[in-house]
Amino acid sequence: MKCVVFKCMMVIGILSFLLSCRTVIRPEQFSIQKTADILFKNGIIITMEDDVKLAEFVAVKDGKIVALGSSEDEYEWLSDSTRIVDLNGKILLPGFIDAHSHFAIAMRMIAQANISSPPVSNVNNINDILSNLKVHANIYKIKRGDWIMAWGYDPDLIDEKRHPTKFDLDELFPENPVFLLHVSAHMAVVNSQALALANITNDTPDPDGGIIVRVSDSDEPNGLLQETAMYGIITLLPKPTPEQSFILLKETVKFYAAHGITTAQDGRTDFEVFQFLSAAAQKEKLSIDLNCLANIEQAKTFLECASCAFNVPKNGVNLSGFKLVGDGSPQGKTAYFTKSYVTQVPGCIQNCKGFSNVSQERINDLVRMSYKNNIQLYSHANGDASIDMLLEAHQEAIDSLNIETHDMRTVVIHSQFVRPDQLDAYAEYNFIPSFFTNHAFYWGDVHLKNLGKERASFLSPLKSAIDKNITFTNHTDYIVTPLDQMFLLWSAVNRKSRNGNVIGPTEQVSPWEGLKAITINAAYQHKQENIKGSIKIGKLADFVILDKNPLDINPEEIRNIKVLQTVKEGNIIYDISDSRN
């Protein structure tokens, strides 16, 4: 009997011990499903989801978001191996998604002279341009006969208020071909050496979609080549070696990551460039994702390429769609309008409305081809006449193909001077305008002068788009304006020009709507909203950590917010403290 009692007491004691242990050992620790690799907490987590805008923690496993919510639930996702990231009151957002920039051009610009005006660089006059070129030539030990290349000059911001000419360049560089890319990237100035190499003479006719600007009262080229007229020069420019290209690629990736961007865009990708990017990503996976827009002029090559499937990302590199260029630059006065510019236009005498880079017949063919192959179309269109051409081509394509294109999500890049009636068409067709509000600061005063107040004030009309239930994005068009996403947000909210003018006050938007344009809306634009763009269970753990809350700060101060860290699929790919070393 004593033995039985003893055994019973032992069983009771073991059960009591096990029951007491339940307060120490969490069952969740034995559940792989509820163990996070990383847990972010103790900050302001802005999800960019309309229904639940804020969270107190977010848990990550295998590069994806597995939980978020109230801090009282976070313990369920902790284990001894969970790395806890204490945000210390800082702001965590989904990683920024670049709606439109020129990644490949940015790679090449690293090794070229910067001849931009403040605040981007130091150029205030043509002598400054020449000085920067001379310094660049000395630093890079450029030899006689080698190309000298530069980017970013802006005639509206220098003392002379004109483009440089071949005569300005010839005196300093008589034995080197020189290429200066306009800030818009839609025209260039070259010297006599470069014109000779391209065989551009007095007898050379203007190409379709371009103008060779001449010396007054003569046929002599003055060095300014607009739109397609510069393409013959571009084919002559030296290219970096594969080894140099890979180094430039890695530096460009770091640069984008430093601005909180976890998904970048290359706004017009030639086939050769896409092959290089794909091979480089396969060799060493890039730390950010990259959406490429295939040059539609090379559509046949892309379509016949077995490894060039659209919207099938490989090692982070994705062919998103075709890129069509419809017109030019409003500040360069090559954007195509239904009404004339109100100031003098280089290369034009009367009825100066800009011009289209393609004929209506050609744009019809290209849009139809894109839709027929079910490939998303991205079309550059700044002026309202260029937008009219795209709308006509869209209608022609859906009529001739007898298809429903509502989810094609055709993107109208820039849409800077879209008319209200054209916005109505966007809403009907589910077009996505990718606006460019940085123009309000950089060229808002120029647009007031060149276009008049009524047209200038409707620049990138974000608020009107919201009122018409149009999903829109916003972009920097880098290298055209700096890549800074907080400055881009500031320009959307404030719309202030260099001179302090508010360019279209009725088109200002809230910081929340401005943030949507560079996060969840940008993901939607690229048809990636199911995996990116907001902090939601199942999406990639792509984050940016900021030092201040853009939703709770004086709107004027948004431009001063700093990116502290950038996180791609749970991995830190940029840390501001590292960049200061």
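Mentor: The crossing of α11 and α12 is left-handed (the near helix is turned anticlockwise from the far one by less than a right angle; clockwise would be right-handed). Helices here are DSSP runs of H or I with at least four residues, strands are E runs of at least two, and both are numbered from the N terminus. Keep in mind that this is a predicted model: local features need pLDDT of at least 70, side-chain atom pairs count only at pLDDT 80 or more, and totals for chains, interfaces and linings use all residues. Residues are numbered from 1 along each chain as its sequence is written, and side-chain values use heavy atoms, with hydrogens and water left out.

Trainee: Which residues of α11 and α12 meet?

Mentor: D384, I387, D388, L391, H394 and Q395 in α11 meet Q422, A425, Y426 and Y429 in α12, with contact meaning heavy atoms within 4.5 Å.

Trainee: New topic: what is phi of D62 near?

Mentor: Near 55 degrees, a positive value in a residue other than glycine. D62 lies in the loop between β2 (54-61) and β3 (64-69).

Trainee: Is D62 buried or exposed?

Mentor: D62 is exposed, at 64% relative accessible area (exposed is over 50%, buried under 20%, partly exposed in between, with a 1.4 Å probe and protein chains only).

Trainee: And where is H414?

Mentor: In strand β17, residues 411-414. H414 has a positive phi too, near 85 degrees, but H414 is buried, with a relative accessible area of 3%.

Trainee: Which peptide bond is cis?

Mentor: The one from P118 to P119, with omega near 5 degrees. P119 sits in the loop between β7 (113-114) and α3 (126-139).
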